[in-house]
Amino acid sequence: MKKSLLHLKSISKSFPGVQALKDVSFELDRGEILALIGANGAGKSTLMNILGGVIQKDSGEILINGENVQMRNPGDARRNGIAFVHQELTILPKLSILDNLLISSFPEKSGFIKQKEAIQTAQSVLERVGCNLDINMKIMDVGPGDQQLIEIARVLLFDPQVVIFDEPTSSLSKREKDRLFVLIQQLKSNDVAVIYITHLLEEVFSIAEKVAILRNGELVSEGLLKLYTRGKIIKHMTGAESQTLHKKKQKQDQPCLLEVSGLSSHGLLKDISLKLYQGEILGLWGLLGSGRTELVRAIVGLDPMDAGTIKIRIKEDLRVVKSQNANRWIGLISEDRRNEGLFVSMPVKVNMTIANLKAFIGKIWPFLNFKAEDKSSREYVQKLHIVLSSLEQKIETLSGGNQQKVIISRWLQRNPIIYLMDEPIKGIDVGAKVEIKNLILDLVENGAAVLLISSEIDELMSICDRYLVMCRGQITGEYPSNASKEKLIGAATNLLKT
Amino acid sequence: MEITQIKTIMQSLKSNWIRIVPTAIMLLVIILIGLRVPVFLTQRNLINILQQSASIGIMAIGMSFVFFVGGMDLSVASNMGLSGVVGALVMKNGGNPVIAGILMLLVSTFIGSINGLAVAKLNMIPFVVTLSMMYVADGLSVWLTEATSVTGISESFISILTMKIWIIPVPVIIMLFFGFITTMVMKRSFLGRWMYAVGTNIKAARVSCIPIEKVKFSAYLLSGLFAGLAAIITTARLGSASAAIGQSILVLDVASSAVVGGVSFYGGAGSPFGAVIGALLITLISNSMNMLEVSYYVTLIIKGFVIIIFIGLESWIRARNQS
Amino acid sequence: MNKKIITISHFLLNYGFYIALFLLVIGFSFGAPNFLTAINFLNMMHTLAPTLIMISGLVFVVLTGAIDFSVGSIAFLSASIGTYLMVYLDVNPLIAVFVILVAGSLIGGINGLIVEVVKVNPLITTFGTMLAFRGMGYLIAGAKYIPIPESLVSIHDWRIGPVYLDIIFSVGIVVFLFFIQNRTIFGKQLMALGNGRSIAEKLSIKVKAISFSAFVISGFFAALGSIFYMAQGSFLSPRMGQGLEFTGIAIVVIGGISLFGGEGSILGLLLGVFTVYVVENGLQHMGLSPYIYPLLRGAIIFIAMYADSLKTRLRAKKLIRKET
């Protein structure tokens, strides 16, 4: 039997607290194009990082042409003919295209570069990928599409047998995407195998011949693409239909508290418009990279907006607000708790009251009334069942769930009418999850509005009243509370027909 | 005290040991020196030390604000020099000493405000901004004085600022007073919390509705202000002003004072009073080296390495905590 | 409209300097007829040759995105060691020269070690070692002027025709280092490091070794320059290298080498030195008070550094716009 080019056998990998990959196996032959599909956290990146030598597997084998190989580092992967084009480009911005191409592979003799040969090599590989830019240009002066092409050219210099593309089209124009697909076809005709990671199903149907679908770290299905329909793939991605635990009547006639129109930012978000009504939990769903986090950050001014308006209901009227000021009425619970939410080295008490200090100013300005601050903090500790031994202990000593509760109470104090919560229950224990969900329900019961982002679609579906789905920086669908999981995932894998 | 309070103090000691140990070592060394050279611990010498530390201590208070928000101010010494020169020139030409003093503060605060604008509003890197300001201020001093000392400081100016209340010189009282007040404000007011927050985690601070630009600007403004205050007492003490009083070595002394006094170079921790204590310790080193007849040069070496060690320790701990 | 403003600023920041320089040269030529003569120029290069050599290595450190304030002190310390050997121990000047060079490299290595192993920020490190090294130098040689052997002093006068050898040597070094920067793997990796430490690491570049080497090189050339400096004055001067942390960085920044790292060519040093000449000599010829020099230098550095920062900021803005 002819040995396949690449054979992943029973690859397993776990991280503290989570089994990222369980017994994943598949084969790939020369010249085959395989699409690796899966929802967030399904394990696609983990699997490819193992193949690319970025992380180590716990068990299983990687066979290349029948031989068992060890991938201890990216260098090993390269030597074994595996090339990985990451989603985040590794470019050296101020250096020339030539330097970027050859930085790890300059033709040299005892440390001195053979300039003529270098120029020739660079130009020929650029030609190969269809790029005709001047190699002396600084790479930061070219667009992201061309930069990616150069990165691809760089990996081709090592004559790989397998090229892995991780979400390659996220910043490409249509023309550049077509160019990429032509390039992939070229690779195929040169007997190079391609693994294409994506969640955009229409791309899968344009370019791939085989598919492998991961869900929760397991390979749930694989085979020739022609045996699959779009619906079948989605079903494999999502698994069994889950119960919607919480059915709520759609709240009509409630005032709109937040209105966003035409928001564009950073080349990612394109013309986003949404409305958030009092008393509702609006679920914002989408896959990694769809722009959900970027959207909420742009609304509160953490990222600059290129276009669009934000209106907030102030004193019975919707008024235009500058995003930098929006945090007066909007509480943001950030996804990256450690880097954007917590003041890690500071006590719990400080973390709790930091957004609301003006309320605790004592008799002599600017000094704070410590007693009042303590009292208030203790109230919140009780209300949210935060587990700690002292208000003065450093917040980093609290568990994830309790940290999250502290951040939530930071905003509760200010009593904003709008909450934007980005992954509020990620990485915390089950008990705390339930408590926070109930908290959110309480909030909207008392007249606030919550925009909720979560990658755990089941959690999202258990409390939301309405859904907005994003894909590639655009809103691709709005659904009522009784929408099916399939519909939601379908909308997340589908660009609007523009 | 409740058990929880004791626990918290123990915890605080445990995580701060890295700051306490080197300082304790220094104190130990100083005591040992005192035993060896008895004149070291006399009242006269100690008062002397206090006096010498006043200028650095006051600048260190200003510098600590900039450290709190995660920046740095390399221009404090040149700022002090320039402000002193300006005020001295006014007095030399017959101006009122009170006006001169106010002018010193105005000039120094103005310089601080330029730094503040560049860092807070234009988002430039503190190192670049304050380094270039240092060169400009230095150059201005040299130009204005034509590289000579400015004398002719009015008598009243000198006498008020060099007199002693009981046995403690006025500048020292000023230093201790401001050190105390500013520490109270930092620890007990919302302004202080805001500063610590900006230095600890600027993104979280932005999300928490803290006016980051205003906070950073104020820090540099204060640094400038205190440089001016230092100019006043230094000019009075020396009875003259010159471009030389603001040499670059002084900046290192000021930074060392802050760092040794527990103010984190990376931001978010420490207190202005700690910086004052640090200034005392640094001056103690200089003085004790003197007493021991250690050459000025060795003192330079020691000072150079002290700051490297302190910040190195902190870097190391941070790196360890992050992994 | 916004785009236009950015383009104009971009142009100004990149080329404004050359325009200003050009205008200055013209202006001074009118004001002082002796200004732009070859003799004047050669004299200037002769005086500045030691400084140029001393800061050649510094450029490598700046290219990696770090800084070295201690070059002046390293020069002084290395020279002190050499002088001590020659004057008090009667060592052959040739051997002393060798020792000076080795010393400079090792001392530079100390900086490298503190930055890479102890992991202290280069700014603090070299500010501290600036003091410490000078202190050590004073310990060895005292704080006085020490005359050095005639054989060494004579190199100052060597020339080929009208051109002094040290000019050729210093320019040659710059050209040689330019070659290293552009045509060796080491040079490319150095530039890569300056473009982003984590990116360079991902590209399997040994960043620690390269950063360390840059500091060693900085120390080496500081020491090499000190030899010429001593020959120039025929003394070991206790003021050697003082202010170099000032002048040196000014020349580097003016020469287009960004303090942020990864950008600029060593040849820029020649431009920087030329600018310093234009400003100072020109003013001297016009009879301006010498006390204004530090201020002007300060102002130039101020503008150069602000321009460097602004350039980087505008670039970031431009990138964002490109993606829309």
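1. A:V450 and its neighbours. In this predicted model, A:V450 touches A:I281, A:Y419, A:M421, A:I440, A:L443 and A:V444. That list leaves out residues up to four places away in sequence.

2. The core around A:V450. A:V450 is among the residues with the most contacts inside the largest nonpolar core. A:V194, A:Y196, B:M59 and B:V254 are the others named with it. The core has 350 residues. Its largest share comes from chain C: helix α10 (residues 207–233) supplies 16 residues.

3. Chain C overall. Chain C has 324 residues, and 48% of them count as buried. Its secondary structure runs to 13 helices and four strands. Consider contacts in chain C with a separation of 6 or more: 79% of them join residues 24 or more positions apart.

4. The contact between chains C and B. Chain C puts in 34 residues and chain B 32 residues. On the chain C side, the elements that give two or more residues are α5 (122–141) and α13 (293–323). Of the elements on that side, α5(C) gives the most, with 13 residues. By class, the chain C side divides into 23 nonpolar, seven polar and four charged residues.

5. The contact between chains A and B. Here chain A contributes 26 residues and chain B 21 residues. On the chain A side, helix α10 (residues 337–341) gives the most, with three residues. The classes on the chain A side are 14 nonpolar, eight polar and four charged.

6. Helix α5 of chain B: length. Does the span of this helix agree or disagree with its residue count? Helix α5 (residues 126–145) of chain B has 20 residues. At 1.5 Å a residue, taken over one less than the number of residues, the helix should span 28 Å. Its end C-alpha atoms are 28 Å apart, so the two values agree.

7. Is α5(B) mostly covered or mostly open? It is mostly covered, with 18 of its 20 residues buried. Buried here means 20 or more other C-beta atoms within 10 Å of the residue's own.

8. The end of α5(B). B:E146 comes just after this helix. The residue takes a positive phi of about 50°.

9. For the record. Two points bear repeating. Chain C meets chain B with 23 nonpolar residues on its side, and chain A meets chain B with 14 nonpolar residues on its side. The core includes residues of chains A and B among those with the most contacts, while helix α10 of chain C gives the largest share.

How values were computed
Residues are numbered from 1 along each chain as its sequence is written. Chains are lettered from A and ligands numbered from 1 in the order in which they are written. This is a predicted model: local features need pLDDT of at least 70, side-chain atom pairs count only at pLDDT 80 or more; totals for chains, interfaces and linings use all residues. A residue is buried if 20 or more other C-beta atoms lie within 10 Å of its own, exposed if 12 or fewer, and partly exposed in between; C-beta atoms are placed from the backbone. Two residues are in contact if their C-beta atoms, placed from the backbone, lie within 7 Å. Ala, Val, Leu, Ile, Met, Phe, Trp, Tyr, Cys and Pro count as nonpolar, Asp, Glu, Lys and Arg as charged, and the others, Gly among them, as polar. A nonpolar core is a set of buried Ala, Val, Leu, Ile, Met, Phe, Trp, Tyr and Cys residues joined through C-beta atoms within 7 Å.
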